[in-house]
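Please look at the sequence and the model before reading on.

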Amino acid sequence: MSFNKDKPPQIDRVIRSNRTSFGLEIKPDGSLLVRAPKHATQAQIQSVIAKKAAWIERTQERLAKQYPILRPKSFTPGETFWYLGQRYPLQLTDRQRPSLELDGAFWLSRAAQDSARDVFIAWYRAETRAITKNMIHVYTKRFGFSVNKVRITSARTRWGSCSGKNNLNFTYRLCMAPLDTIEYVVVHELVHLKIRNHSKAFWKAVANIVPNYQGDRDWLKQHGAFLTLD
Ligand SMILES: [Zn+2]
């Protein structure tokens, strides 16, 4: 994906339309899309690319570094997995039990490698259940929330949700986030038991319990896409 001085960057796709200017777009996988006026010549397109070559190269290099993190996990040694806001490498062990253990690294039993995804999900589920259960216990006592059931789900885009019957749901991915951030997500759903919308009153009630919640929202915005096994 790096730029060779003798050769201009490779164009992966050109979209022509009724526009008067050129536009360049680099996709997450590093491919280069050029938007061009309908009658632009090949020479004009090449000249635009040549002028922007340094920017294209820089952007593609930055993406090349990020992209491997977004590829589906292969559960091979050295690959990293999140827990409480940190990444730990995967190591294989001949030990059979437990199938997976976190001790400086994620130690996965060789015997469990074929079912590694399920083993990891089960591990994350148990951790998220234990962590959220503990927080809910503390907060319901202190602030008088009334919680019915807590379910750990496989939700992809939502960290937590609450239902009309005072049930709370959290995705197993939640324990990949830092403890403070998990706390914010739990408090967010607990406060929804009393205030069902995102009004000013809602955010005030959240801030009352976790004053620095904005930092946690930002953290989730920046890292959320990486907290996954997919
Ligand atoms: Zn909400």
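Which residue of β5 stands opposite Phe81? The residue opposite Phe81 is Tyr88 in β5. The model is a predicted one, in which local features need pLDDT of at least 70 and side-chain atom pairs count only at pLDDT 80 or more, while totals for chains, interfaces and linings use all residues. Residues are numbered from 1 along each chain as its sequence is written. Helices (H or I, at least four residues) and strands (E, at least two) are DSSP runs, numbered from the N terminus, and two strands pair if DSSP finds at least two bridges between them.

**Domains and the strands of the chain**

The domain assignment, whose bounds come from an automatic or database source, divides the chain into domain 1 (13-70), domain 2 (80-119) and domain 3 (120-226). The centres of domain 1 and domain 2, taken over C-alpha atoms, are separated by 40 Å.

Strands of a sheet pair through backbone hydrogen bonds, either parallel or antiparallel.

| Strands | Sense | Bridges | Opposite residues |
|---|---|---|---|
| β2 and β3 | antiparallel | four | Gly23 and Arg35 |
| β4 and β5 | antiparallel | four | Phe81 and Tyr88 |
| β5 and β7 | parallel | four | Leu90 and Phe106 |

An open sheet of three strands has the order β1-β3-β2, and its pairing is mixed. At its edges are β1 (13-17) and β2 (23-26), each of which pairs on one side only. Neighbouring strands of this sheet are turned against each other by 20° on average, direction ignored.

Most residues other than glycine have a negative phi, and most peptide bonds are trans. Phe75, found in the loop between α2 (53-70) and β4 (80-83), has a positive phi near 55°. Leu84 also takes a positive phi, near 50°, in the hairpin of β4 and β5, which has two residues between the strands. The peptide bond that joins Arg97 and Pro98 is cis, with omega about -10°, and Pro98 lies in the loop between β5 (86-93) and β6 (100-102).

**A second open sheet and its helices**

Three strands form an open sheet in the order β8-β10-β9, again with mixed pairing. Because β8 (150-153) and β9 (160-162) stand at the edges with a single partner strand each, one side of each is left without a neighbour in the sheet. The twist averages 20° from one strand to the next. Helix α3 packs on this sheet, touching β8 and β10, and its direction makes about 150° with that of β8. Helix α4 also packs on the sheet, touching β9 and β10, with a direction at about 15° to that of β9.

The two helices pack against each other as well: α3 (residues 116-143) and α4 (residues 179-192) meet at an angle of about 55°, with their axes 10 Å apart. Axes are lines fitted to C-alpha atoms, for helices over the stretch in contact, and angles run from 0 to 180 degrees between N-to-C directions. That angle makes α3 oblique to α4, since angles under 35 degrees count as roughly parallel, over 145 as roughly antiparallel, 65 to 115 as roughly perpendicular and the rest as oblique. The contact (C-beta atoms, placed from the backbone, within 7 Å) is made by Ile131, Thr132, Met135, Ile136 and Tyr139 of α3 together with Ile182, Glu183, Val186, Val187 and Leu190 of α4.

Conventions:
Contact = placed C-beta atoms within 7 Å.
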